Amino acid sequence: MPPFSTTRRHALRALSASLMPLSLHAMAAPGDPSEEAADCVIPAKAGGGFALTCALARDALQAVRPARPPLGQRYLPGGIGAVAFDRIATGKLGGPGTLVAFSSGSLLNLAQGRFGPHAPSAVRWIATLGTDYGVIAVHRDSPYKRLQDLVAALRQDPSRIAFGAGGTVGSQDWVKAALLVRAAGRDHKAMRFVAFEGGGDALTALQGKHVDAFSGDAAEALQAIAGGTAVRLLAVLSEQRLGGALTGVPTAREQGVDLVWPTVRGLYLSADVPEAAVRAWATAFREASAAPGYAALREQHNLYPFALTGAALDDYVQAQIKAYRQLAEELGLRRWKP
């Protein structure tokens with residue numbers, strides 16, 4: 001198999017070639033930010049799902065806007081997205097040339113008020129680029145060969161397993177671990193959880209055997225495996241088995257654990273930008289996701305289909321936040337209010 005960078009370059013060339021006639025006939029309007037220099041803010045450290053989101057946004061956008069400068073990649077870690085969201089919402093960061101990556105975990109944090117005194121309408125939701133799925137993983141040398149082995153250990157004593165993942169108590173990775181402990185018939189409050197600033201750091205800890213299990217997302221785990229990290233995927237948290245690099249990885253459901261966790265990945269923009277800029281970015285990513293070759297590009301980033309923009313995305317965000325608030329209450333998580 002060719003190296004990732006080579007494969008991505010070939011896909012970009014093919015996609016750009018297929019879209020060139022469209023680009024010539026449908027040039028963006030003057031002042032269109034999707035044609036100008038811009039940054040994609042990665043609100044965590046390197047190696048996690050936010051970085052994958054911005055990388056896909058860069059590659060997909062370049063294919064449908066071949067004359068534009070490549071979308072810059074800018075790191076702004078802090079609270080798994082909290083710092084970036086607050087700076088955008090308060091106007092300390094923003095403008096039509098600043099996109100920020102978000103995930104389902106961002107919406108879960110918003111539902112709990114963990115992003116500060118800001119409503120979901122404090123930003124403009126631009127597009128979703130695809131969906132990831134949660135995974136439960138262990139070190140390749142771990143004695144836990146199947147998900148049932150890990151569940152049995154949790155049933156015996158949930159404190160014996162140290163989970164490592166991005167985010168603190170209440171984050172989506174914490175929730176995955178908590179739901180797994182509950183599925184084992186034990187109190188999730190008894191589990192051990194080690195918080196990291198992103199999935200990349202958590203997987204590094206798993207590689208060093210500083211934690212026993214990883215409750216994160218498939219794309220970041222597959223990226224780590226491709227880089228040589230010694231990881232064994234016990235289960236993918238999808239409705240049914242997935243293809244691609246996850247072929248052969250059983251779902252949690254088929255192993256007797258009813259746990260499904262999709263992780264949608266997308267982008268938002270400051271609410272203060274002109275409406276024309278919002279429409280321009282939404283149009284650019286709508287064209288990108290509908291373009292020939294986008295599916296192959298998305299798959300190279302280990303994501304699955306899920307593309308929304310405009311009112312449909314706004315409705316989705318509101319529905320997810322409502323569902324996450326209910327889940328947070330079930331898990332006894334504190335809801336921070338302005």
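The paragraphs below proceed from the overall fold to individual ring pairs.

The model is predicted. Its chain comprises eleven helices and ten strands. The radius of gyration is 20 Å, close to the 20 Å given by the globule rule for 338 residues, so the chain is as compact as a globular protein of that length. Along the principal axes, the C-alpha atoms fill a box of roughly 65 × 50 × 30 Å. Of the 338 residues, 55% are buried. When contacts between residues at least 6 apart in sequence are considered, 79% of them join residues at least 24 apart.

The accessible surface amounts to about 14000 Å², with 54% belonging to carbon and sulfur atoms. There are 35 positive and 28 negative side chains, and the centres of these two sets lie 4 Å apart.

Across the whole structure, a search finds ten aromatic pairs. One of them joins Trp261 and Tyr324, whose ring centres are 5.8 Å apart; the planes meet at 20°, under the 30 degrees required, and the pair is therefore stacked. Trp261 belongs to the loop between strand E8 (231–236) and strand E9 (262–270), whereas Tyr324 belongs to helix H11 (residues 310–330), so the pair ties together parts 63 residues apart in sequence. Trp261 counts as buried because its relative accessibility is 5%, and Tyr324, at 7%, likewise counts as buried.

Another stacked pair is formed by Trp281 and Phe285, with 6.0 Å centre to centre and 20° between the planes. Both residues lie in helix H9 (residues 275–290), four residues apart, or about one turn of the helix. Trp281 and Phe285 are both buried.

Finally, Phe85, Phe102, Phe115, Trp125 and Tyr268 together form one aromatic cluster.

Conventions. Residues numbered from 1 in each chain as written. Predicted model: local features only at pLDDT ≥ 70, side-chain atom pairs only at ≥ 80, totals over all residues. Heavy atoms only, no water. Phe/Tyr/Trp six-rings, centres within 6.5 Å; stacked < 30°, edge-to-face > 60°. Helix = DSSP H or I, 4+ residues; strand = E, 2+ residues; numbered from the N terminus. Buried < 20%, exposed > 50% of the residue type's maximum accessible area, 1.4 Å probe, protein only. Rg over C-alpha atoms; globule rule 2.2 N^0.38 Å. Contact = heavy atoms within 4.5 Å. Areas by Shrake-Rupley, 256 points an atom, 1.4 Å probe, with all protein chains shown as cover. Lys, Arg positive; Asp, Glu negative; His and termini not counted. Charge placed at Lys NZ, Arg CZ, Asp CG, Glu CD.
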